[in-house]
Amino acid sequence: MRGASGPREVDLPFDRPGHALTDGSMRSTILGSGHYVPTRVVTNDDLAKVMNTSDEWIQQRSGIKERRYVEGGGIGSSDLALPAARMALEQAGKTPADVDAIVFATISPDYNFPGSGVLLQHKLGLPGIPALDVRNQCSGFLYALSVGDAWVRAGVYRHVLVVGAEVHSTGLEFNDRGRDVTVLFGDGAGAVLLGPSPSDDRGILDIVLHSDGVGAKDLWSEVPASALEVRLNREMIDEGRHFARMNGKQVFRWATDKMPAVALESLARVGMTVEDVDLFIPHQANMRINQLVAMKLNLPQEKVVHNIDRYGNTTAATIPIGISESWRAGRMEPGTRVLFASFGAGYTWGAAVLRV
Ligand code: UT7
């Protein structure tokens, strides 16, 4: 563990090759990445058939052209996560048996409880390994990454599978009342396998996280709610209180303020500037948000990864999908310095710096 008192001696469950940082811990890195999106493509015109919206409005306001929905009932977030995880393991040259722990970020778990982490663990055939669910919405992946990074650094677990996966389509409101939220979201999954970095100057150099519950009700799904005397009843369902509700303009303002600030904060912590960034993989909530953030950071658009046009907002999955696609497009060659930033419900936000 890192802390003011310095490194402490721990009994490690495995031999610990790899590089020791000056404080005695070891840097983690992404050994492999993968993603999966359902085959069913839903265009803006498809949505315009069931609610008062248009391809023009959606593209102008968000940059989204289409998104993916699961092909039918019975497919949960853990089902989308499974092929993404297998792809990450394959790229890393590992098998499921190499995974020591799972951190699963989602706001759309397969069931109310237990979380999707244990379902993925079972589907991967890994009885007994720990599985942790993280609920930090659009920042879920960076929060999950920080847990996995800390575990690897501290020598608690050697290989940590970090997943972001969402099935939103079964929780969207396909009518005019819900159109502002519905048009934005899609289904998908991404995963990375974290493990010890081969050298000190490679791997996850920094992760910084923030939250502010002042905005909790600006983007939320209220019920079922343990804070209410009755968690869920017919009246609440009729009022649509189980669907996500958003104060879009307020979230937009916060996102375009906090994402550049936290990105600069993370870069400063590792002695880097925006000029050092080769690739920027921001959370994909809105193309306009990401263009504005890049502009505020003075980052040329060709360094910015966008996939919102094809997938919409897949919440915890956007960044790992971005990683997996960028890797396969040859944009994450060894040495590439990658900046990540996210902002989402909570509010929660964060940034990270990786040197591939
Ligand atoms: O990842 C989680 C974080 N989420 C975000 O970061 C989302 C942040 N917010 C946004 O991206 C934008 O606020 C939206 C894309 C959600 C909306 O864009 P906007 O420019 O803020 O539009 P608006 O909410 O002010 O709505 C403008 C108009 C309204 O009509 P009036 O009041 O001007 O007559 C809305 O009722 O657009 C109407 N509208 C729609 N029209 C067609 C809202 N949704 C739709 C729709 N289709 N789907």
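I start with the make-up of the shell around the ligand: ten nonpolar, six polar and five charged residues. Here Ala, Val, Leu, Ile, Met, Phe, Trp, Tyr, Cys and Pro count as nonpolar, Asp, Glu, Lys and Arg as charged, and the others, Gly among them, as polar.

Before going on, some notes on the source. This is a predicted model, where local features need pLDDT of at least 70 and side-chain atom pairs count only at pLDDT 80 or more, while totals for chains, interfaces and linings use all residues. Residues are numbered from 1 along each chain as its sequence is written, and side-chain values use heavy atoms, with hydrogens and water left out.

Back to the shell. The ligand is surrounded by 21 residues, of which T53, C138, K249, N286 and N313 are the closest; a residue is near the ligand if one of its heavy atoms lies within 4 Å of it.

Where does the shell come from? Domain 1 (13-196) and domain 2 (203-355) both contribute residues to it, so the ligand lies between them. The domain bounds come from an automatic or database domain assignment. Helix 2 (55-62), helix 6 (179-182), helix 8 (248-269) and helix 9 (287-297) each supply at least two shell residues, and helix 8 gives the most, with four. Helices (H or I, at least four residues) and strands (E, at least two) are DSSP runs, numbered from the N terminus.

Next, polar contacts, meaning pairs of N or O atoms within 3.5 Å. An N or O atom in the T53 side chain is 2.7 Å from a nitrogen atom of the ligand. On the oxygen side, a polar side-chain atom of K249 is 2.7 Å from a ligand oxygen, and one of N286 is 2.6 Å from a ligand oxygen. The protein covers 74% of the 950 Å² of accessible area that the ligand has on its own, by the Shrake-Rupley method with a 1.4 Å probe.

Now the backbone. V223 and P224 are joined by a cis peptide bond with omega about 5°, and P224 is in the loop between strand 9 (219-220) and helix 7 (234-239). The bond from G346 to Y347 is also cis, with omega near -5°; Y347 lies in the loop between strand 12 (337-344) and strand 13 (348-355). Finally, N298 is not a glycine but has a positive phi of about 65°, and N298 sits in the loop between helix 9 and helix 10 (308-311).

Conventions:
A polar contact is a pair of N or O atoms within 3.5 Å; within protein, one must be able to donate a hydrogen and the other to accept it, and residues adjacent in sequence count only if both atoms are side-chain atoms.
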